[in-house]
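Take a look at the model below before reading on. The paragraphs after it go through the chains one at a time.

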Amino acid sequence: MLGRKFKILKLLGVGLILMALSATVACGGSAAPTASDSGAAKDSSVSEPKSIPTSVPKSADAEPASEGGDMVISVSSYLGFQGVDTNISEDSATKIYYDEVFDYAIGQSPDGNLVPGFATEWGVSDDFLTWTFTIREGMKFHNGEDVTPEDVAWTWNRAVSPESLGGFALEVGPDLSSEFTVSGNKVSVSTTEPKSTLPILFAAASPPRSVVWSQDYFEEVGGIDGFRDAPVGSGPYRWTDRVPGQYIEFTAFDDHYEKTAGYEKLQIWDVAELNTRMAMLKSGTADLATASVRNVEELQKANLQVLQAPASNISWIWYNYAWVEGHPFNDRRLREAISIAIDRDAIGKGLYNDQTTPACCYWVVQGNVGYPGDVEPHPYDPEKAKALIKEAGYEGAEIEIMTFSGDADFVDQPGLSEAVAGYLDAIGLKTFVSVVDGSALRETFDNAIKTPEQIADIVANQPPYQIAVRGSDTRFHSYRGAHIYYHSEGRRQMIKLPDVFDPLLDKAGSAFDLQDQHDAMAEFHRVVNEDYWTAPLLEAGAVFGATDKIGSWTPITGRPYPHNHWTIQP
Amino acid sequence: MASATSTQIVMTNVWKLRLIAMFSGLKRAPKIPTVILGILLAFGLFGQWIAPHDPITIDLAKSFTPPAWHEGGSISNLLGTDKLGRDILSRVIIGSRVSLALSLTIIALGGGVGVILGLVSGYSGRKVDSLIQRGVEVILAMPTILVALVFVFTVGRSFESVMFILSPFLAARFTRIVRGETLSIRERDFVAVAKVIGTPAWMILLRHILPNVFNTVIVLATLEVGHLILLEASLSFLGVGVPPPHPAWGLMVAGGREFISSAYWIALFPGLAILFAVLSINLFGDWLRDTLDPRRRQL
Amino acid sequence: MLTYIGLRIFQAFLGLWFIATLVFILSRSIGDPAEIFTARHGHVHARELMEERLGLDKPLYHQYGIYVGQLLRGDLGKSVRNGIPITKILMERLPATFTLGLFALGFAIAFSIPLGVLGAVYRDTPIDWFAKVMAFLGQAMPPFWLGIMLIILFAVVWDLVPPAGKTGWTSYILPGFTLGWGVMAGMVRLVRSSMLDVLDSDYVTMARAKGVGEIMVVSKHALRNALIPVITYSSLVLGAFMNGSVVVEQVFAWPGIGTVAVQSVVSRDFPIVQGVVIVFGAFFIFINLFVDILYAVIDPRIKYTGQ
C-alpha cells in the first residue's frame with residue numbers, strides 16, 4: 001500500500017490522470033489551457049463591433065439529450081445555495097449551477113477566453129463611451145417565450161438599480177451614465193469614462209452576472225419571491241425541483257440555441273463533508289464530485305476516474321501596510337526575506353501530494369490575460385533571508401499570519417499558513433497563525449475604508465506585523481483583481497502606491513486592444529514580482545472524482561468546482 | 001455552645017472519614033479504567049518529558065509518514081506524522097494536556113460557579129430560587145454548540161474564548177443538580193438543629209450541606225470531562241475549536257478526517273485516545289457514584 | 001394546582017423573553033453584516049442601504065422594540081443574504097431535523113431499555129459491564145467521527161444504506177444512529193437505576209412472594225414503573241438532539257436546520273441565527289413546561305415536595 005507500491009501507484013496515477021485529461025480533451029475540446037505562445041492572449045480585438053464565431057462546439061448528435069438518464073453531482077457549496085437573486089449579493093455558491101440555468105451575454109471557452117453568449121457581437125463606439133451588444137435571435141426561455149432584447153435591457157437595468165446590492169450594481173453601476181436601452185436587436189449603454197474592460201464584467205461566472213430573465217414571467221409570479229422558488233432562464237438546464245439544503249434538480253432544456261445537455265436529469269447536491277462526497281462516489285450515489293489533491297490514490301483504488309483541471313487555484317501572501325512610509329514591510333529587504341524563506345517545492349511535496357507548482361505572479365496563471373511568461377517564482381534561499389533580516393534589523397520581529405478557514409479559495413489555507421509560519425520561524429521571525437473569517441481578513445487589509453488617522457493609529461500599535469495567506473480561483477483577465485487591490489482608487493486598496501501601480505493599471509484599463517491590455521498587465525506583474533510587493537506561493541489544480549458514467553466533460557480553466565454540467569456526456 | 005462545638009467535631013471527623021473511605025475504596029475501583037486514567041494523568045503532568053518529539057515543529061520532508069509497522073514508516077515516528085510532518089505520538093501525548101486542561105478549567109470555573117449558585121438557589125427563598133432557576137433554564141434551552149460557534153466566531157478563536165463560552169453551560173448543569181440535592185438535604189435533621197442554634201446560613205451551606213453534596217458534584221464532574229472533550233472535538237469540526245498549532249485531540253481528529261483513506265493514522269490515534277480516555281473517565285465516574293452514594297443513581 | 005400551572009406558563013413566557021433578549025444582544029455583537037456583503041466601491045451607498053434595510057441605523061432600543069414587536073407577530077425577519085423570510089426557511093428545514101431527532105430518540109429508547117434492564121437484572125456481572133460500555137461508547141466518540149466511520153462501513157464497504165441525504169426511510173438509519181447513541185449512556189443509566197429501585201420495592205417483593213415468575217415480574221410490573229423517568233429524560237434529549245444535529249447534519253448532508261445555522265453564523269447572517277436559537281429555545285422551554293404540567297396533573301404530590 002505504501003512505500004514501493006506507493007510509487008508504482010503514483011506513476012499509475014499520473015498516467016491515469018494524463019489519460020483522463022486526454023480523453024476529456026479528445027472528446028469535448030481542450031480542457032486544459034494549452035501553452036500556446038507564452039503569455040500572449042487570444043486575439044479578440046474589440047475596438048469595433050465585430051462578428052466573432054462561436055468556438056464552443058455543438059454536441060455531435062443533434063438529438064435532444066435522453067440516453068444518459070440521470071446525473072448526480074456532489075459539491076460543497078460551503079455557504080449553501082442562496083437562490084438566484086443577483087440583487088442581493090454575490091453568492092459564490094450559486095456559480096456552480098448559474099450558467100446552466102441562465103445564459104450569459106458573453107461566455108467562456110474551455111481555455112477561459114471570451115466567446116459569444118447570447119450577445120453575438122459586442123463593441124464600443126468611436127468615442128469609447130457607448131457599448132453595444134447585439135442580441136441573438138431565436139432564443140427561448142424555459143417556458144417557451146422568446147428571449148427579447150427588451151428582456152435583456154430590463155434584467156440589466158434591474159440589476160444596476162439603486163436598490164440593488166449585487167456585484168453587478170456595485171461594479172458596473174457607478175461607471176454607467178445611462179440606462180440600458182434597446183434599439184432593434186441591440187442593447188446599448190454608455191459609460192462615464194472609457195472603460196475598456198467592461199466586457200469582462202459581462203462574462204459568465206465572474207461576478208457580477210449578466211444574465212437574462214424573462215420580464216413577463218418575473219412579473220407573472222409576483223416578483224423575486226416567486227421567481228426564486230421557480231426560476232425560469234434560457235440555459236441548457238431547466239430548474240425543476242429543489243430539496244432545500246440537499247439538492248437542486250434540473251431537466252435538460254431541448255430548445256437551447258447551441259448547447260445540448262448530455263443528460264436528461266441533473267441533480268446537484270450540496271455536501272459539505274469531503275468524506276461523504278467520496279462515499280457518494282464510491283457507492284454510486286453521485287457521478288461527479290469535488291475531491292482534493294490527497295484523494296487521487298483513493299479514487300484510483302476505488303476504480304473511479306480522476307479528473308483534474310490544472311491551475312485553477314492560486315495562492316499568495318500580502319504584506320499589510322507595505323506602502324506606509326516607515327513600516328517594516330515598506331523595507332524591500334524584509335519582504336524579500338519573507339518570500340525567499342519559503343520552500344514552495346517542499347510545501348507542494350509535503351502538504352499537497354506534489355500536485356502544486358510554485359506560482360510566479362499575483363493572481364494570474366498561464367493563459368490568463370496579463371501572464372508575463374518570463375517571470376520566475378521567487379527562489380528558496382533561507383541563508384540570504386536570514387542575512388537580509390539581520391541587515392534590516394528585524395530579527396525576532398513578530399509576524400501574524402492571517403488566513404481564512406472554511407472558504408477554501410485555495411486548498412487548506414490554514415495548513416499552508418502553518419507551513420509558512422514554520423519557514424519564517426526558521427529565519428528568525430516570531431510567527432503565529434490566526435485563522436479568521438473572510439470579512440475579518442478583508443477589514444484588516446482594506447484601506448479604502450480607513451482614514452489616514454486610523455491607519456497611522458493602527459500602524460503605531462504594531463507589531464505584530466500582519467501578512468495574509470490568501471488564495472483564489474483564477475480569472476481570465478487579471479486586470480479586475482489587480483485594480484481592486486492595487487490601484488489607489490480601487491475598491492479595496494490593499495496597497496496604495498499611486499506612483500508605482502496606477503500608471504500601469506490605468507494603461508491596461510484604457511487600452512481597447514486586448515494585446516495592449518495584456519502587455520500592460522504583464523508589466524504590472526513583473527513589477528510586483530521584482531519588488532516583492534506580493535509573495536506568490538502556489539498554483540494548484542482542482543481534483544474531481546467521477547464514475548464511469550462520465551464519458552467526457554469540458555471544464556473551463558480556472559474554476560475549481562464542477563461547472564459546465566451541460567458538457568457532461570455519457 | 002457545647003453542642004455547637006461537638007457538631008463541629010463530628011463534622012470534621014466526617015470529612016476525615018470520607019477522605020479515608022475514598023482512598024481505600026479506590027483499591028476496589030475497576031482496574032482497567034483506573035490504569036488508563038493513571039496513564040492519562042502521567043501524560044498530562046510529565047508529557048513534555050515523555051514525548052519523543054516536539055509536537056509543534058514542522059518538517060515537511062516527513063509529511064504523511066506512516067506508522068512504524070508500515071512500509072516507509074520509522075521507529076522514530078512510531079505512530080506516523082501528520083500533514084506537516086509533526087509526530088503523532090508526541091502530539092497525542094501533549095494533546096492530553098491541552099484537552100484535559102481545557103476540560104478541567106471549564107469544570108473548575110463553570111462547576112465552581114454552578115455549585116455556589118445551586119447551593120444558594122436550593123437554600124434560599126422562593127424568589128431567589130425562581131430567578132436563578134429561570135436563568136438556568138434559559139441557558140440550558142440554548143443550543144450549546146450554536147452559541148459557542150457564534151461566540152468564538154465573533155470574539156476570535158483561542159483557548160480562552162472556548163473556555164469562556166462553555167463554562168456557563170456547565171455551570172447551569174451543576175446548578176440544577178446541586179439545587180436538587182440542596183433541597184432535599186436542607187430538610188434533614190442536622191440542618192434543622194444548626195438553624196435552631198443560630199448558625200448563619202453561609203456556615204450551614206459550607207459545613208453541612210456542601211459536604212453532602214460533594215459526592216454528587218465529584219461524580220458529575222467526572223462525567224462532564226468526557227462530555228467537554230467531545231464538545232471540543234465538535235467545535236473543531238466546525239472550525240471554532242482551540243486554534244492550531246495546539247495539539248488538542250479533537251482538533252487532530254477533525255483535521256485528520258480529510259485523510260481517512262490516505263493517511264488514516266492522523267485521525268485514528270487521537271480518536272482512540274479520546275475513546276479510551278472518555279470511556280475510562282466515565283466508567284470510573286460511574287463506579288464512583290455507585291460506591292459513594294448508591295441512592296443517587298438517578299444522576 | 002391551577003395556580004401552579006398558571007405560574008409555570010407565565011414563567012415559560014418569561015424564559016422565552018429572556019432568550020429573545022439574550023439572542024438580540026448576542027447577535028448585535030456578532031459584527032456588522034453589512035460589511036460582509038457590500039463592496040467598497042460605492043461603499044458608503046451600499047453600506048447605508050444595507051443598514052437601512054436591516055434597521056441597523058436606528059438606535060439600539062428602537063431596534064429592540066421593532067424586534068420584540070416582530071416576534072410577537074411571529075415575524076422573525078428576513079435573511080440578510082437572500083431576503084427570504086426566516087419563518088419560511090425554518091419551515092423548510094425544521095421538519096428534517098425534527099424527524100431525525102424523533103428517529104434518534106426511538107433508536108435510543110429501543111436500545112437503552114434492554115441494556116438498562118439487563119444491567120439491572122444482572123447487576124454487577126459482566127453483562128452489566130457490557131451494557132454500560134455499550135452505552136458509554138456512544139459518548140466516547142466525536143459524533144462526526146462516528147458518522148464518517150458508519151458511512152464508510154455501511155454505505156461504501158457494505159453498500160447497505162444510502163451514504164447521505166434524506167432519501168427515504170433507510171437514509172434515517174445512519175444519521176439517527178449517530179445522533180442517538182450519544183444519549184444512550186444517560187438513558188441506560190436511568191433505566192437501570194429505576195429498575196433497580198423498583199426491583200427492590202415492596203410491590204415487587206410481594207409479587208415474587210405470590211409466586212409470579214421472574215420474567216413476569218420484570219416485564220410486567222417493574223418495567224412499567226421504570227419507564228416514567230425515561231419520558232422526562234426524552235424531553236431533555238430532544239433538546240440535545242437539536243444541538244447535536246448541527247454536526248450530524250453536516251456529515252450526512254441532511255437538509256435540516258443545523259446546516260443552515262452554521263452557514264448563517266459563518267456568513268454573519270444574524271437574523272437566521274436569531275431565529276434558530278429562539279425556536280430551539282422555545283421548543284425546549286415548552287417541552288419542559290409540558291412535562292412539568294403533566295407531572296403536576298399525574299401526581300399532585302410531586303409539586304409540593306420538591307418545590
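What follows is a short walk through chains A, B and C.

This is a predicted model: local features need pLDDT of at least 70, side-chain atom pairs count only at pLDDT 80 or more, and totals for chains, interfaces and linings use all residues. Residues are numbered from 1 along each chain as its sequence is written, while chains are lettered from A and ligands numbered from 1 in the order in which they are written.

Start with chain A. It has 18 helices and 17 strands. Helices (H or I, at least four residues) and strands (E, at least two) are DSSP runs, numbered from the N terminus. Of the 570 residues in chain A, 57% are buried. A residue is buried if 20 or more other C-beta atoms lie within 10 Å of its own, exposed if 12 or fewer, and partly exposed in between, with C-beta atoms placed from the backbone. Two residues are in contact if their C-beta atoms, placed from the backbone, lie within 7 Å. Among contacts in chain A between residues at least 6 apart in sequence, 73% join residues at least 24 apart.

Now the strands. Strands of a sheet pair through backbone hydrogen bonds, either parallel or antiparallel. Two strands count as paired if DSSP finds at least two bridges between them. One open sheet of chain A has four strands in the order 4-5-7-6, with antiparallel pairing. Its edge strands are strand 4 (119–124) and strand 6 (181–183) of chain A, and each pairs on one side only. The twist averages 25 degrees from one strand to the next. Axes here are lines fitted to C-alpha atoms, for helices over the stretch in contact, and angles run from 0 to 180 degrees between N-to-C directions. Strand 6 of chain A pairs with strand 7 (residues 186–190) of chain A over three bridges, in the antiparallel sense. There, Ser183(A) stands opposite Lys186(A).

A hairpin comes next. Strand 8 (residues 237–243) and strand 9 (residues 247–252) of chain A pair in the antiparallel sense over six bridges. Asp241(A) stands opposite Glu249(A) of strand 9. Three residues lie between the two strands of this hairpin, and Gly245(A) in the turn has a positive phi of about 90 degrees.

Where does Asn320(A) lie? It sits in the loop between strand 12 (305–319) and helix 10 (332–340) of chain A. Asn320(A) counts as buried because it has 22 C-beta neighbours inside 10 Å. Leaving aside its neighbours within four places in sequence, Asn320(A) is in contact with Phe329(A), Thr444(A), Phe445(A), Gln466(A), Ile467(A) and Ala468(A). Val187(A) is 133 residues from Asn320(A) in sequence and 43 Å from it in space, C-alpha to C-alpha.

Chain B has 10 helices and zero strands. Of its 299 residues, 51% count as buried. Contacts in chain B with a separation of 6 or more come to 70% from residues 24 or more positions apart.

Chain B also touches chain C. The contact takes 35 residues from chain B and 41 residues from chain C. On the side of chain B, helix 10 gives the most, with eight residues. By class, that side has 21 nonpolar, nine polar and five charged residues. Ala, Val, Leu, Ile, Met, Phe, Trp, Tyr, Cys and Pro count as nonpolar, Asp, Glu, Lys and Arg as charged, and the others, Gly among them, as polar.

Helix 5 (residues 86–121) and helix 11 (residues 257–266) of chain C pack at an angle of about 125 degrees, with their axes 7 Å apart. These two helices of chain C are therefore oblique to each other. Angles under 35 degrees count as roughly parallel, over 145 as roughly antiparallel, 65 to 115 as roughly perpendicular and the rest as oblique. Ile89(C), Leu90(C), Arg93(C), Leu94(C) and Thr97(C) in helix 5 meet Ile257(C), Gly258(C) and Val260(C) in helix 11.

The axes of helix 6 (residues 126–137) and helix 8 (residues 173–199) of chain C come within 6 Å and cross at roughly 145 degrees. Ala131(C), Ala135(C) and Phe136(C) in helix 6 meet Met184(C), Ala185(C) and Val188(C) in helix 8. This contact has six nonpolar, no polar and no charged residues.

Gly211(C) follows helix 9 of chain C, and its phi is positive, near 100 degrees.
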